[in-house]
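Student: Could you walk me through how to read a sheet and the helices around it? I'd like the general idea, then the case at hand.

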Amino acid sequence: NFDGFRVLCAGCGVGNTALATAFELRLFRDTQVLAVDLSRESLRIANERAKNFKVDHIMETRHVSLLDLTPEDVGKFDLIQCHGVIHHLSDPSAALAHLRTLLKDDGAISLMVYGKIGRQAVYPMQRLMKLASPPGAGNDYHSRIRTFR
């Protein structure tokens, strides 16, 4: 039974993991998925998708760094998901220790970091998009994608 289950998706991006989790929890009572990210555009997309999947009553998004969350502000979580984020931070070990402060004593952390060659094709494409973007296209990845569409 997952009644009352709370999940933090730290660095949610456009919400793939948070949405899948919220969709699975939708049949239980008093569940919550808190999805945080630094990109306002990603959060806008995540919110739009939550409405489309009819899980916006379960999933809340916040524009905040995972490092700025405190147990006093957000409480503690049964599950923390941090996929493809923590290795981008200046001190991943400190970030993981910080996430632990947000975890219930019997909670779990689902952590994913990129492998050495797992995104080998992605980075050259990102560099190419940046080089080919017209001046003023912005540094935001989503802005560059819109430019190429």
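Student: In what order do the five strands sit in the open sheet?

Tutor: Strands of a sheet pair through backbone hydrogen bonds, in either a parallel or an antiparallel way. In this predicted model, the order is S3-S2-S1-S4-S5, with parallel pairing. S3 and S5 (103-112) are the edge strands, each pairing on one side only. On average, neighbouring strands are turned by 20 degrees against each other, direction ignored.

Student: How many bridges join S2 to S3?

Tutor: Five bridges link S2 (residues 32-37) with S3 (residues 59-63), and the two run parallel. Look for Val36, which stands opposite Arg62 in S3. To get from S2 to S3 the chain passes through helix H2 (residues 40-52), making a right-handed β-α-β crossover.

Student: And S1 with S4: how many bridges there?

Tutor: Three, again in the parallel sense. Val7 faces Leu79 of S4 in that pair. H1 packs on the sheet, where it touches S1, S2, S3 and S4, and its direction makes about 175 degrees with that of S2. H2 packs on the sheet too, touching S2 and S3, at about 170 degrees to the direction of S3.

Student: Which residues of helix H1 are buried, and why are they on the same side?

Tutor: An α-helix has 3.6 residues a turn, so residues three or four places apart point the same way. In H1 (residues 16-25), the buried ones are Ala18, Leu19, Thr21, Ala22 and Leu25. They share one side of H1 because they cover an arc of only 165 degrees around the axis. These buried residues pack against S1, S2, H2, S3 and S4.

How values were computed. Residues are numbered from 1 along each chain as its sequence is written. This is a predicted model: local features need pLDDT of at least 70, side-chain atom pairs count only at pLDDT 80 or more; totals for chains, interfaces and linings use all residues. Side-chain values use heavy atoms; hydrogens and water are left out. Two strands pair if DSSP finds at least two bridges between them. Helices (H or I, at least four residues) and strands (E, at least two) are DSSP runs, numbered from the N terminus. A crossover is right-handed if, with the strands pointing away from the viewer, the path from the first strand over the helix to the second runs clockwise. Buried means under 20% relative accessible area, exposed over 50%, partly exposed in between (1.4 Å probe, protein chains only). The arc is that of the directions from the helix axis to the C-beta atoms. Contact means heavy atoms within 4.5 Å. Axes are lines fitted to C-alpha atoms, for helices over the stretch in contact, and angles run from 0 to 180 degrees between N-to-C directions.
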